[in-house]
Amino acid sequence: KLEDGNLTMTASIGVASFPELFVGRPDELVEVADAALYEAKRRGRNLCLLAVGRGRYRSPLGEEIVDPSAPEPPPPPRLFA
C-alpha cells in the first residue's frame, strides 16, 4: 500500500524448454523464451506463454496463440506404400 493508494503490478513471462524445442545452443533457447515474453507483452501483459515452436505459443489454460508474422508450419509428411 502507498500513501496515495495501492500499487498494482503485473508480470509477463516467456518460457521455452529443451528438448521439446529443437535448438542447437543455449542462447537460441533464451532467444525463443524472449520471443515468448515479448508476445505476452504484445497481447496486453500479465500473461505467461510457453513457446512451442515456429512462432506458436500456449497459455497456461492451453490456448494456442500464433504470432501473425510466424512462418507457416511445414506440411505433414505424406507416406507412400
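The legends below describe close-up views of a predicted model.

**View 1. The four strands form an open sheet with mixed pairing.**
The strand order in this sheet is β1-β2-β3-β4, and the strands at the edges are β1 and β4, each of which pairs on one side only. From one strand to the next, the twist averages 35°. Helix α1 lies across β1, β2, β3 and β4, and its direction makes an angle of about 145° with β1.

**View 2. Strands β1 and β2 pair in the parallel sense, with a helix on the path between them.**
Strand β1, residues 13–15, is joined to strand β2, residues 48–53, over three bridges, and within this pair Ile-13 stands opposite Cys-48 of β2.

**View 3. Strands β2 and β3 form a hairpin with two residues between them.**
The two strands run antiparallel and are joined by three bridges, with Gly-53 having Arg-56 in β3 as its bridge partner. In the turn, Arg-54 has a positive phi of about 55°, and the backbone oxygen of this residue lies 2.6 Å from a polar atom of the Arg-56 side chain.

**View 4. Arg-56 is a buried residue of strand β3.**
Strand β3 covers residues 56–58, and Arg-56 has a relative accessible area of 17%, so it counts as buried under the cut-off of 20%. When residues up to four places away in sequence are left aside, Arg-56 touches Leu-50, Ala-51, Ile-65, Val-66, Ala-70, Pro-71, Glu-72 and Pro-73. Pro-68 lies twelve residues from Arg-56 in sequence, and the C-alpha atoms of the two residues are 9.3 Å apart in space.

**View 5. Pro-68 is an exposed residue in the segment after β4.**
Strand β4 comprises residues 64–66, and Pro-68 lies in the segment that comes after this strand. Pro-68 counts as exposed because its relative accessibility, 75%, is over the cut-off of 50%. Arg-56, by contrast, is buried.

**View 6. The largest nonpolar core has ten residues.**
Its members are Ala-16, Leu-21, Val-23, Ala-33, Ala-36, Ala-40, Leu-49, Ala-51, Tyr-57 and Ile-65. Both α1 and β2 supply at least two residues of this core, and the largest share, three residues, comes from α1. One of the core members, Tyr-57, has contacts beyond four places in sequence that include the core residues Ala-36, Leu-49, Ala-51 and Ile-65. Tyr-57 also touches other residues, among them Ala-35, Glu-39, Glu-63 and Asp-67.

**View 7. Glu-39 is a buried residue of helix α1.**
Helix α1 spans residues 26–42 and contains Glu-39, which has a relative accessible area of 2% and is therefore buried, this value being under 20%. The side chain of Glu-39 is joined to that of Arg-43 by a polar contact of 2.8 Å.

How values were computed
Residues are numbered from 1 along each chain as its sequence is written. This is a predicted model: local features need pLDDT of at least 70, side-chain atom pairs count only at pLDDT 80 or more; totals for chains, interfaces and linings use all residues. Side-chain values use heavy atoms; hydrogens and water are left out. Buried means under 20% relative accessible area, exposed over 50%, partly exposed in between (1.4 Å probe, protein chains only). A polar contact is a pair of N or O atoms within 3.5 Å; within protein, one must be able to donate a hydrogen and the other to accept it, and residues adjacent in sequence count only if both atoms are side-chain atoms. Contact means heavy atoms within 4.5 Å. Two strands pair if DSSP finds at least two bridges between them. A crossover is right-handed if, with the strands pointing away from the viewer, the path from the first strand over the helix to the second runs clockwise. A nonpolar core is a set of buried Ala, Val, Leu, Ile, Met, Phe, Trp, Tyr and Cys residues joined through side-chain atoms within 4.5 Å. Axes are lines fitted to C-alpha atoms, for helices over the stretch in contact, and angles run from 0 to 180 degrees between N-to-C directions.
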